[in-house]
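The following note sets out points for a colleague who has the sequence and the model at hand.

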Amino acid sequence: MSEKRFDVTALGELLIDFTEDGRSGQGNTLFEANPGGAPCNVLAMLQKLGKSTAFVGKVGDDMFGHLLRDVAAETGICMDYLVFDQDARTTLAFVRTFENGDRDFSFYRNPGADMMLREDELPLDVIAGSRIFHFGTLSMTHEGVRRATCKAIDHAKENGAIISFDPNLRPPLWNSLDEAKHQIEYGLARCDVLKIADNELECMTGETDFDRGAAILRGKHPNIKLFNVTAGAAGSYSYYEDKRVFVPSCKLGGVIETTGAGDTFCASVLSFVLDRGLDGLMETDLKKMLRFANTAAYIVTTRKGAIRSMPDRSEVEGLLLQERSSWAL
């Protein structure tokens, strides 16, 4: 890759995840305000891995918006291109956590400031000056921000960036599942690196078998060079050229919630791509990539929130040493 200003620029939502945190003395549910939003979570982990990052998006000019800007900036993410909306408020998500760590979301986003980003607010020079451009579908749920996202993708591709896509499907935010699937197809058709969750793969293909589902999407979208599937507590799969690799998840217990785990996985993969590139990958490379990404994601599940929960490289590598005997060699 040619010399660029940032390793990764991400566009999308920045929001507050209100996570359940016990009960008050009166028996009322308590919530902890955790800074989050999938694209910015990815950048926070990349910063922990020593990469340079920038975020593009919009928040409300309110207490939550300024809190999010400050927390993200503390991690080292360049927040110079965050836009503050004077009218729309910062999007909020209330997260209900189940005993197995899975979650259910309720969003306050009608409208949310992240939906209001316009094409003329894009820092095109920053997008052009990035080695990787990363996006999801929450910035494609509404027409205005969808146009901005599409323009950013096109500009990044024109300037030689690797395109990274994580569907991050949240059905309550779409008018219909068909519309969501249409926009996911758009992202699939333009990305070089894909991180897709097992439920999203099933949604797009009707297949519960990961190999068959991956084969369907890879056949439709040969542009995807590195195709990764996360399967929750089971582990993850990577498909590259004629190679197929599976690595089980870390199973030390202590899972609290899964918020940010997929984003941590995604960031770990992008860090690998920045270091290793996308050409000539061997099965040993893919196994190493998935082991690190799985372990990093596991660590985040033992903590609450995302942006402030990301592990650094030494913590992940230390846990890998402890668990080496449990990985499929």
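1. Arg170 has a relative accessible area of 17%, and because the limit for a buried residue is under 20%, Arg170 counts as buried. The model is a predicted one, and this value, like those below, is computed from it. Arg170 is placed in the loop between strand 9 and helix 5. The C-alpha atoms of Arg170 and Leu138 are 7.8 Å apart in space, although 32 residues separate the two in sequence.

2. The side chain of Arg170 also makes a polar contact, at 3.1 Å, with the side chain of Asn168. Asn168 is found in the loop between strand 9 (162-165) and helix 5 (177-188). Its relative accessible area is 12%, so Asn168 is buried. The backbone of Asn168 deserves a note: phi is positive, at about 45°, although Asn168 is not a glycine.

3. Glu241 has a positive phi as well, near 50°, and is likewise a residue other than glycine. Glu241 lies in the loop between strand 12 and strand 13 (243-248). Is Glu241 buried or exposed? With 51% relative accessibility, Glu241 counts as exposed, because the limit for that class is over 50%.

4. Ser238 belongs to strand 12, which covers residues 235-240. The relative accessibility of Ser238 is 0%, so this residue counts as buried. Which side chain does the side chain of Ser238 meet in a polar contact? The partner is the side chain of Asn228, at 2.7 Å. Not counting residues up to four places away in sequence, Ser238 touches Leu226, Phe227 and Asn228, then Lys243, Arg244 and Val245, and finally Leu286, Met289 and Leu290.

5. Thr19 is located in strand 2 (residues 15-23). Thr19 has a relative accessible area of 1% and is therefore buried. Between the C-alpha atoms of Thr19 and Ala93 there are 8.5 Å, while the two residues are 74 residues apart along the chain. Apart from neighbours within four places in sequence, the contacts of Thr19 are Leu30, Phe31, Glu32, Asn34, Val95, Thr97 and Glu257.

6. Ile77 is a loop residue, placed between helix 2 (63-74) and strand 5 (82-85). Is Ile77 buried or exposed? Its relative accessible area is 3%, so Ile77 is buried. Beyond neighbours within four places in sequence, Ile77 contacts Cys40, Leu43, Ala44, Gln47, Thr53, Ala54, Phe55 and Ala72. The C-alpha atom of Ile77 is separated by 9.4 Å from that of Lys51, and the two residues are 26 residues apart along the chain.

7. Leu124 is part of helix 3. With a relative accessible area of 26%, Leu124 is partly exposed, because this value falls between the 20% and 50% limits. Lys151 and His155 are the residues in contact with Leu124 once neighbours within four places in sequence are left aside. The C-alpha atoms of Leu124 and Ala152 are 7.2 Å from each other, with the residues 28 residues apart along the chain.

8. The peptide bond that joins Asn110 and Pro111 is cis, with omega about 0°. Pro111 sits in the loop between strand 7 (103-108) and helix 3 (124-128).

9. The last points concern the whole chain. The protein chain contains 10 helices and 13 strands. Its radius of gyration is 19 Å; a compact globule of 329 residues would have a value near 20 Å, so the two agree. Along the principal axes, the C-alpha trace spans about 55 × 50 × 40 Å. Of the 329 residues, 58% are buried.

10. The charged side chains comprise 37 positive and 48 negative ones, and the centres of the two sets lie 3 Å apart.

How values were computed: Residues are numbered from 1 along each chain as its sequence is written. This is a predicted model: local features need pLDDT of at least 70, side-chain atom pairs count only at pLDDT 80 or more; totals for chains, interfaces and linings use all residues. Side-chain values use heavy atoms; hydrogens and water are left out. Helices (H or I, at least four residues) and strands (E, at least two) are DSSP runs, numbered from the N terminus. The radius of gyration is taken over C-alpha atoms; the globule rule is 2.2 Å times the number of residues to the power 0.38. Buried means under 20% relative accessible area, exposed over 50%, partly exposed in between (1.4 Å probe, protein chains only). Lys and Arg count as positive and Asp and Glu as negative; His and the chain ends are not counted. The place of a charge is taken as NZ of Lys, CZ of Arg, CG of Asp or CD of Glu. A polar contact is a pair of N or O atoms within 3.5 Å; within protein, one must be able to donate a hydrogen and the other to accept it, and residues adjacent in sequence count only if both atoms are side-chain atoms. Contact means heavy atoms within 4.5 Å.
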